[in-house]
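Here is a short report on one chain. Keep the structure open while reading.

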Amino acid sequence: LFELLFEMDESLNPDDIYDEIWPLHVIDTRDPEQMGVLYRLLSRLPQVILHYLHTYVFPETCEHQGLKLSACGQELGGDLVFGRRLGFSGTPSELLPLELGECRYERRSDGKMLSVLTDPAVCASEALPDDWGPEAVLARCARGDLRALIDTGALVTGYTNKQVAEALLFGVDYDYEPQSSSSSYERAPQQRPCLPASLFDGVVFLDEEDRKMILLRQGRKCLALDQSGTPRTRRFSFYDQVHTTGMDIKQALDARAAITVSKDMTFRDYAQGAFRMRGIAAGQCLTVLLTPEALKLMAETYEACGHGSWATKLAAMKKEIVEPLGFQSGDLLEDLAAWLVVNSMRSEKLQFNLLSEQSLSNVWRKRAYRYLVQPNVRNRVGTTECRAQDRACLDVFRQRLEYAVENTVPTSVPFLQKLRNMRQAHEDLVVDDHEKQVADYVLGLVAGTENDDSSASKAAAEATKRASEDAAAAAAEATAAEDLGTPGEVAKERNFNAEQVQEQEQEQEQEQEQEQEQEQEQEAEEIPCEFKQKRYSRDNDNPTQWAWADLANGAKFPPSQQAASGAAFHPLKEFGVHVKLGSKSKKLPFPSYVAFTNNHFNPGWSLNTHRRLKNVVVLLEWVPGDVDPKTKQPWGLLGAPPSPTPQQMALLKRAIAMFDAKNTGTAVDAESLEDSLRALDVPSTERGNALATLLGGELQSRQKTVSYDALATAVAKRDVYAMEAGRFYAILSLPEAETCRALIHQRLGQSPVEGNNRTQVALHSLAFDGHPIDAAMKLPQDRGNYQRELVRQALRFLDSEHFFPDYALDAVLRANVQLAEKAYRQQWYDEVRSCRRRQKAMGDSVAADPNFASAGIQTLFRIDDEFARLALRATRARIKNLIASNGLHVVDAFRAFNSSRTGMLTCGELYGGLDWLGLKDLQPAVIHDLVRLVDVDGDGLLSQVEFRSAFGADDDDDDVGGADGTGGRKI
């Protein structure tokens with residue numbers, strides 16, 4: 001404290017009278033000498049002044065004052081104090097100070113909240129007993145199926161947070177009981193239901209200082225949460241009502257929490273509490289605990305909105321709420337959301353009135369404040385020189401407290417008239433045109449809302465009048481019904497007419513909804529193509545000519561060395577874009593048999609200029625047909641892939657073990673080998689040859705199994721793929737593609753290159769993976785089909801595509817992209833994509849596509865290599881075989897796994913189901929990666945459709961080559 005004093009006041013001399021300070025325990029407050037020294041030492045410290053004010057001054061002078069200074073959020077939201085203001089809220093509203101501007105909402109956030117909180121697969125409802133109390137809420141949570149209690153409704157009262165933790169963990173309940181004749185109350189502990197010791201080791205709560213604490217079962221210790229080391233799956237969390245906003249406690253992936261509701265809650269309160277579960281709808285779920293009073297209020301609101309009798313609605317709610325988990329229709333959740341929204345509307349009406357009053361007052365408060373902070377005025381206030389205008393501006397910030405009680409009923413004044421009276425009373429402070437416009441704007445807003453309220457009241461009165469007239473008409477019809485037939489016939493006719501009218505209205509509503517949806521889809525898709533602003537150049541764009549006859553000469557194509565900038569073809573591994581002067585462009589080690597022409601992209605451009613990249617549209621494939629005279633081998637050797645690392649070999653061995661359906665531990669049989677070739681994306685037209693190669697020779701002499709080591713070597717060396725040396729690929733510009741196609745047509749029925757009958761040529765479209773555009777080549781061929789698909793997917797990656805199915809992801813990785821680090825791949829992709837016209841934000845229809853969620857480009861930047869994905873795909877194939885070998889239909893297996901009967905499979909349930917099938921010792925990380933692989937919509941859960949698609953029997957629908965081996969996907 002003394003060091004702080006000397007830092008604040010350099011004029012003090014420590015060597016003066018302060019060199020000897022008495023210890024605290026010997027200070028005598030009755031000694032004037034000691035108190036004088038301490039006063040001079042401490043009187044100017046802010047801490048001492050604050051203590052003196054709050055302990056002595058304020059309690060004596062401010063407890064029953066007739067005036068108080070007033071302030072509100074307008075001072076923070078306006079420019080009175082701060083020139084620039086920024087605000088953020090997870091549950092925003094339009095009720096903001098005028099000077100803060102309009103609220104900019106995140107798109108689809110409100111819809112997502114409503115969708116999640118009314119989804120019966122995510123939320124369930126449960127009724128509390130009629131005689132409910134805090135003990136009933138805690139007893140429900142103590143059953144062991146919940147992982148958290150979010151008390152947004154403040155139903156747990158009379159307990160501190162630590163006492164709630166003790167009650168949940170040890171079953172101790174605290175009831176208030178008077179002790180003899182004393183007027184005070186003490187807590188008497190009683191035994192209550194508690195959390196099962198086999199499932200929970202501690203309870204997390206927030207203490208008085210907002211710290212995350214955990215009460216441990218062992219030793220009853222209370223520690224900071226980050227020091228306990230308790231796993232998320234072994235702890236229970238309690239959020240009291242104060243901490244249901246803005247407080248995060250991490251939960252298990254499949255945790256289910258209870259949330260409470262009270263009569264005064266709004267939808268904002270409910271949403272804030274529900275989304276304490278950060279993984280809600282992605283594995284985490286909610287159970288809403290509803291009191292009988294809340295159900296009755298919901299039913300009464302239903303009737304007040306004109307939808308029917310509250311008693312009928314209440315009976316329907318009670319019928320649904322007793323349904324078991326997973327069998328509720330979700331109507332009650334929608335009714336709950338609707339009731340909370342109505343409560344929000346009522347609350348916001350009051351808030352709007354208060355905001356309007358504050359906004360209007362802020363007009364003259366700003367002028368008064370800026371007048372008072374002038375130096376000359378500030379010096380006059382509180383002195384005899386204070387002027388009337390000074391006091392008038394000061395009174396703006398004073399609020400008089402009235403303690404008198406009138407002996408008559410006060411006259412009610414309309415709110416709009418009250419605001420007008422306020423403005424008239426402060427007319428002298430509303431001076432310039434801007435202030436008048438703001439005041440008029442606020443009054444206009446209030447006038448508009450009151451007109452809406454009066455119109456609604458008139459409409460309600462007219463509706464009541466029409467209802468009375470309809471009742472009278474119905475009575476008249478009933479009187480005249482004797483002439484029309486029996487009462488039953490009249491009722492049938494009336495019902496038939498009503499049904500016809502209702503059907504017509506429903507058809508009109510459906511047509512209107514369809515038209516609105518079409519308009520919204522068109523608006524959503526009209527997203528402009530954005531690109532990074534750069535100084536693009538078009539210099540040195542002259543075409544480079546090359547001879548068609550060179551395709552028959554393999555020596556003309558430089559697959560292994562870098563070509564000169566003026567050459568016709570360049571290896572794709574030399575492709576890179578210019579970033580900035582002095583920096584080297586990034587390049588990926590694509591296969592050496594893939595190239596691009598100088599007309600598509602000149603590598604010299606990457607040295608000193610930015611270029612707008614052309615789209616990859618047409619791919620040229622050709623086989624020269626000649627051999628290298630020195631080596632007697634085809635031109636352009638494939639090159640052996642790098643040897644797998646020990647970690648990659650371990651993943652490969654794990655994948656092969658998954659292919660071993662008979663669990664031999666040493667070899668894979670012929671039937672399982674076919675599953676492994678399918679998982680390896682070997683085209684169906686090449687599987688027979690690959691199977692013969694692995695099993696050894698003709699059918700009669702084949703061995704029945706392949707050892708783990710032999711299969712691992714074949715996969716690591718790419719021997720399972722019929723790759724062919726001397727087969728080349730090149731990206732063409734569109735003019736080049738037109739010329740090549742004309743030359744193919746010119747020699748239709750002959751060799752594409754005159755004088756060489758062995759040369760083969762084909763033109764492929766990158767967008768269409770079926771038959772080629774034109775070809776002087778027999779397709780599909782015995783070899784090279786997967787090689788072509790590998791090149792096509794690598795070029796899609798080059799073309800900045802974003803959607804890659806499973807087989808395409810693996811193909812890109814096998815195209816040597818996996819040899820680069822994950823971060824380096826993403827940097828290369830981002831740099832290339834920045835030079836293209838590509839949408840940076842996807843349209844609504846694209847982003848909502850479930851296939852996009854599971855097959856996006858981000859997977860290539862998250863997965864290390866093909867071996868990691870192969871292990872997952874092998875696990876999926878093994879699960880498929882285990883389900884079939886156990887005689888189960890895939891739907892029956894899903895129902896057996898889904899022990900919660902929610903219709904959505906969690907990671908924990910999948911783990912238990914696989915253990916039951918016999919697939920044991922799978923690590924949690926493998927389970928999570930497997931779910932990511934087959935989870936189409938990306939919600940962290942597996943639906944029955946996703947489970948059936950991933951693990952059900954198929955007819956090779958996911959083959960890379962399709963039936964013809966041309967690399968086609970079925971569309």
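**The chain and its confidence**

The model is predicted. The chain has 971 residues, of which 42% count as buried. It holds 33 helices and 22 strands. Its accessible surface comes to about 54200 Å². Carbon and sulfur atoms account for 51% of that surface. Among contacts with a separation of 6 or more, 70% link residues 24 or more positions apart.

Mean pLDDT is 78, and 78% of the residues reach 70 or more.

| Stretch | pLDDT | Contacts in the model |
|---|---|---|
| Residues 176-188 | below 50 | 21 contacts |
| Residues 521-529 | below 50 | 14 contacts |

Where pLDDT is low, predicted coordinates should not be read in detail.

**A six-stranded sheet**

In what order do the strands of the open sheet run? The order is S13-S14-S18-S15-S19-S20, and the pairing is mixed. Strand S13 (569-571) and strand S20 (774-776) form the edges, each pairing on one side only. On average, neighbouring strands are turned by 25° against each other, direction ignored.

S13 pairs with strand S14 (residues 594-597) in the antiparallel sense, over three bridges. Within S14, Ala 595 is the bridge partner of Pro 571. Such pairing in a sheet works through backbone hydrogen bonds.

**Helices on the sheet**

Now move to helix H15 (residues 415-425). Which of its residues are buried? They are Phe 415, Leu 416, Leu 419, Met 422 and Arg 423. Seen down the axis of H15, these buried residues fall within an arc of 120°, so they line one face of the helix. The face turned away from that buried side carries Gln 424 and Ala 425, both exposed.

Technical notes: Residues numbered from 1 in each chain as written. Predicted model: local features only at pLDDT ≥ 70, side-chain atom pairs only at ≥ 80, totals over all residues. Heavy atoms only, no water. Pairing = 2+ DSSP bridges. Helix = DSSP H or I, 4+ residues; strand = E, 2+ residues; numbered from the N terminus. Axes fitted to C-alpha atoms, helices over the stretch in contact; angles between N-to-C directions. Buried < 20%, exposed > 50% of the residue type's maximum accessible area, 1.4 Å probe, protein only. Arc of directions from axis to C-beta. pLDDT = per-residue confidence, 0-100. Contact = heavy atoms within 4.5 Å. Areas by Shrake-Rupley, 256 points an atom, 1.4 Å probe, with all protein chains shown as cover.
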